[in-house]
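Please keep the sequence and the model at hand while reading.

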Amino acid sequence: MRTHPPKKVYVSVNSDFDPTGYMQPRQIIWSDGRVFQIDAIRDFRPLDVLEGTRSGGCYTVLIKGEERLLFFEKTSAIHASRFGRWFVECP
């Protein structure tokens with residue numbers, strides 16, 4: 001049986017930034033308007049450590065008692081007003 005890699009689904013995320021610049025995601029908003037509150041952040045890993053290619057991070061978040069992965073992908077420096085975008089992986 002052939003398995004397909006997960007599909008990236010880009011989502012909107014409301015985040016807070018503390019005085020040190022730490023970015024903490026608070027809510028995930030799907031394109032259909034559904035909003036999921038992030039109850040806790042369990043872990044953070046830089047993407048370059050996980051994959052060696054992309055710049056950004058992988059947050060392990062808790063939503064309604066379940067752990068999920070939320071990715072932040074930094075964009076290139078060419079677009080200074082576009083810092084990055086969020087995605088989740090779906091089967």
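Cys90 is partly exposed at 21% relative accessible area, whereas Cys58 is buried at 6%; buried means under 20%, exposed over 50% and partly exposed in between, with a 1.4 Å probe and protein chains only. The model is predicted: local features need pLDDT of at least 70, side-chain atom pairs count only at pLDDT 80 or more, and totals for chains, interfaces and linings use all residues. Residues are numbered from 1 along each chain as its sequence is written, and side-chain values use heavy atoms, with hydrogens and water left out.

**Cysteines**
- A search of the whole structure finds 0 disulfides, a disulfide being a pair of cysteine sulfur atoms within 2.5 Å.

- An open sheet of 7 strands runs in the order 3-2-1-7-6-5-4 with antiparallel pairing.
- Strand 3 (35-37) and strand 4 (40-46) are the edges; each has a single partner strand, so one side of each lacks a neighbour in the sheet.
- From one strand to the next, the twist averages 35 degrees.
- Strands are DSSP runs (E, at least two residues) numbered from the N terminus, and two of them pair if DSSP finds at least two bridges between them.

**Strand pairs**
- Strand 1 (residues 7-17) pairs with strand 7 (residues 84-90) over 5 bridges in the antiparallel sense, and Tyr10 stands opposite Phe87 in strand 7.
- Strand 1 is also joined to strand 2 (residues 23-29) by 6 bridges, again antiparallel; Asp16 has Gln24 in strand 2 as its bridge partner.
- Strands 1 and 2 form a hairpin with 5 residues between them, and Gly21 in the turn has a positive phi of about 95 degrees.
- Strand 4 and strand 5 (residues 56-63) pair antiparallel over 6 bridges, with Pro46 opposite Gly57 in strand 5.

**Salt bridges**
- The whole structure holds 7 salt bridges, each a side-chain nitrogen of Lys or Arg within 4 Å of a carboxyl oxygen of Asp or Glu.
- Glu73 and Lys8 meet in one of them at 2.8 Å, N to O.
- Glu73 lies in strand 6 (residues 66-74) and Lys8 in strand 1, so this pair ties together parts that are 65 residues apart in sequence.
- Glu73 also forms a salt bridge with Arg85, with the closest N and O atoms 3.4 Å apart.
- Shared partners join Lys8, Glu73 and Arg85 into one network.
- Arg34 and Asp32 form another salt bridge, their closest N and O atoms being 2.9 Å apart; Arg34 is partly exposed at 43% and Asp32 is exposed at 52%.

Technical notes
Helix = DSSP H or I, 4+ residues; strand = E, 2+ residues; numbered from the N terminus. Axes fitted to C-alpha atoms, helices over the stretch in contact; angles between N-to-C directions.
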